[in-house]
There are 4 protein chains.
Amino acid sequence: MAELDDLTQRLRAFATARDWEQFHTPKNLAMALVAEAAEVVEHFQWLTAAESQALDAGKRAEVALELADVLLYLVMLADRLDVDLGEAARRKMVLNERRFPTLTRG
Amino acid sequence: MAELDDLTQRLRAFATARDWEQFHTPKNLAMALVAEAAEVVEHFQWLTAAESQALDAGKRAEVALELADVLLYLVMLADRLDVDLGEAARRKMVLNERRFPTLTRG
Amino acid sequence: MAELDDLTQRLRAFATARDWEQFHTPKNLAMALVAEAAEVVEHFQWLTAAESQALDAGKRAEVALELADVLLYLVMLADRLDVDLGEAARRKMVLNERRFPTLTRG
Amino acid sequence: MAELDDLTQRLRAFATARDWEQFHTPKNLAMALVAEAAEVVEHFQWLTAAESQALDAGKRAEVALELADVLLYLVMLADRLDVDLGEAARRKMVLNERRFPTLTRG
């Protein structure tokens, strides 16, 4: 099973088991998504560009879990909206490839 | 190949072909991530909970591409930090399952 | 009249005249606030620290209006919550001054 | 002295006394701004519209300090960009009044 579908199934079971679906409106999940994305930002806000590329192991592990939170809410939100997230991402990549063509030189 | 790894490879090639890696510091990507998450929020900010669950097809397609943008920046950021995003998400699920145990009734 | 109170009054009249109070729940205004803050971020996401300090006049004028949007939603949200924003800011300054004492050297 | 100018002066002195100006690039301050706005969002993300309008006193006091944080970073960012925040807000109000005319009925 595809990776994002698998996460979707697990998150659905997780919410059902806790009776949390009532809170998981798209509106609420969009709020949780931006709140988690901002927690990622907080880790980087006072760092220079160079420092942001050289996190120590402890900090990197913390940021990894924040990135995970963003992914989990993103997958839940897509599920609630009946959006195929992986398919949307691949479609957006194609749009980006057309929008920003690479220069070819002869 | 796993779905997120596949996106990672395509995004890496995309950035290399356009010489954009120079802009893709973790700090900058964290900013782009929150900006895209906020574009998702904008679609829902004046909607009621019920309206947020009943988007029409056109709006749903727009939101799908915004969710895609969030995923693409998330994948790029994880790649730049050398974080395995899928693995982090699965680890976070396990932590959440422990943190919020379900009630079992006899 | 204090500057923030004056903005509060004007924003209240603006919303009333357009029958928009129904949309201005604290929840919705919090979403609008973060969406506007993220538009500020967008202006800076690909800039270096140095470039962010040297915006040209046109860009600076654009960012000024984005900052204004953040302030307007902030004032509306405080008003809806019956929070005195100026007083809260002065209280927070005092807390910050205590939390981060300056070093005095003999 | 105008309220926002007064905050600007105090924040400038606060940063100088702690030698923090080096961290206060517009880029960094924009990140701090969105992070604080997202902390406001976190307070409201699981609340219904009605609940968001009926915070208890303790919660309201917490949110007041989060709103204060947003204002403080907003004032610092405007100062760093040499933007008159109060003037920008008043200018934006005029633009909004033109953009969204009220209906007058004869």
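Colleague: How much area do chain B and chain A bury between them, and on which atoms does 71% of it lie?

Modeller: In this predicted model, chain B and chain A bury about 5,400 Å² between them, with 71% of it on carbon and sulfur atoms. Glu3(B), Lys27(B) and Met93(B) supply 12% of the area that chain B buries against chain A, more than any other three residues.

Colleague: How many residues does the contact take from each chain?

Modeller: The contact takes 61 residues from chain B and 61 residues from chain A.

Colleague: Why is the pair Arg10(B) and Glu97(A) called a salt bridge?

Modeller: The closest N and O atoms of Arg10(B) and Glu97(A) are 3.7 Å apart. The cut-off is 4 Å, so the pair qualifies as a salt bridge. The rule finds 6 salt bridges across the interface of chain B and chain A, and 23 residue pairs there are in polar contact.

Colleague: Which helix of chain B gives the most to the side that touches chain A?

Modeller: Helix 4 of chain B does, with 14 residues. The residues of that side of chain B divide into 41 nonpolar, 8 polar and 12 charged.

Colleague: What makes helix 2 of chain D close to its expected reach?

Modeller: Helix 2 of chain D, residues 26–44, has 19 residues and reaches 28 Å from its first C-alpha to its last.

Colleague: Why is helix 2 of chain D described as mostly covered?

Modeller: Of its 19 residues, 17 are buried.

Conventions. Residues numbered from 1 in each chain as written. Chains lettered and ligands numbered in written order. Predicted model: local features only at pLDDT ≥ 70, side-chain atom pairs only at ≥ 80, totals over all residues. Heavy atoms only, no water. Helix = DSSP H or I, 4+ residues; strand = E, 2+ residues; numbered from the N terminus. Expected span 1.5 Å × (residues − 1). Buried < 20%, exposed > 50% of the residue type's maximum accessible area, 1.4 Å probe, protein only. Contact = heavy atoms within 4.5 Å. Buried area = accessible area lost by both parts, 1.4 Å probe. Salt bridge = Lys/Arg side-chain N within 4 Å of Asp/Glu carboxyl O. Polar contact = N/O pair within 3.5 Å; in protein donor to acceptor, adjacent residues only side chain to side chain. Nonpolar A, V, L, I, M, F, W, Y, C, P; charged D, E, K, R; others polar.
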